[in-house]
Amino acid sequence: MAEQKRIAFLVDTEGIEQVELTEPWQHVEKAGAVPRLLAPKLGQVQAYDHLTPADTFDVDVPFAHADPMDYDAVVIPGGVANSDNLRLDRDAVRFIKQHVAAGKPVAAICHGPWLLVEADVVRGKMLTSFPSLATDIRNAGGDWSDEEVRVCDMAGWTLVTSRKPDDLPAFNREALKAFGLHDLPSGS
């Protein structure tokens with residue numbers, strides 16, 4: 001039997017848009033892979049429903065102890081505070097740079113691409129995000145477009161991006177494809 005794929009979900013300690021964490025997580029599990037929550041430190045992280053505190057989630061691995069080679073793919077959920085703090089975490093930036101350098105796929109939604117901008121891995125790539133990131137992406141050498149989902153296959157890796165929670169069905173579908181996973185039919 002083949003070993004299960006491991007998918008890293010990168011978040012800060014608070015401000016995560018809950019649905020952008022939980023929906024992709026559930027799809028990864030249903031597809032037979034193992035999701036792991038990576039954050040700045042062990043303990044719990046606080047998710048939000050927009051600006052309202054929602055659930056907490058247990059961290060599996062702190063960034064400082066995370067090896068990108070242990071994971072087959074990465075998901076970066078959004079949330080303004082989550083994403084803004086995440087891009088300032090040196091260990092998170094190191095992790096994503098090494099993951100991309102290894103040619104492993106990344107899926108980022110909403111404000112999640114801020115980490116990719118900080119890691120300087122969007123140059124020459126076409127992506128989408130929450131519209132307020134368009135200038136940051138362009139200034140980092142990427143191209144931005146306003147669309148439900150964008151898949152960019154080039155320079156040895158695949159990048160899947162989406163704008164907001166409404167885009168999650170397309171985001172989940174394309175992320176699973178990029179990760180080499182297959183979603184189960186609805187109702188399964």
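Q: In what order do the seven strands of the open sheet lie?
A: This is a predicted model, in which local features need pLDDT of at least 70, side-chain atom pairs count only at pLDDT 80 or more, and totals for chains, interfaces and linings use all residues. Residues are numbered from 1 along each chain as its sequence is written, and side-chain values use heavy atoms, with hydrogens and water left out. Helices (H or I, at least four residues) and strands (E, at least two) are DSSP runs numbered from the N terminus, and two strands pair if DSSP finds at least two bridges between them. The pairing in this open sheet is mixed, and the order is β6-β3-β1-β7-β8-β12-β11.

Q: Which are the edge strands?
A: An edge strand here pairs on one side only. The two that do so are β6 (61-62) and β11 (149-154).

Q: Do β8 and β12 pair in the parallel or the antiparallel sense?
A: Strand β8 covers residues 106-109 and strand β12 covers residues 157-162, with four bridges between them. Ile109 stands opposite Ser162 in β12. The sense of the β8 and β12 pairing is parallel.

Q: At about what angle does helix α6 run to β12?
A: Axes are lines fitted to C-alpha atoms, for helices over the stretch in contact (heavy atoms within 4.5 Å), and angles run from 0 to 180 degrees between N-to-C directions. Helix α6 (residues 168-178) lies across β7, β8, β11 and β12. Its angle to β12 is about 170°.

Q: Which element gives the most to the lining of the largest cavity?
A: A cavity is a set of points, on a 1 Å grid over the protein atoms alone, where a 1.4 Å probe fits but cannot get out, and lining residues have an atom within 4 Å of a point. The largest cavity has a volume of about 40 Å³, and its lining includes Pro24, Val75 and Phe171. The elements that give two or more residues to this lining are α1 and α6. With four residues, the one that gives the most is α6.

Q: Which elements give two or more residues to the lining of the largest pocket?
A: A pocket is an open set of grid points with protein on both sides within 12 Å along at least five of seven lines, and the largest one holds about 240 Å³ of space. Of its 14 lining residues, the closest to the centre are Glu17, His50, Leu51, Gly79 and Val80. The elements that give two or more residues are β2 (14-17) and α2 (80-86).

Notes: Points joined across faces, edges and corners; volume = space filled by probe spheres on them.
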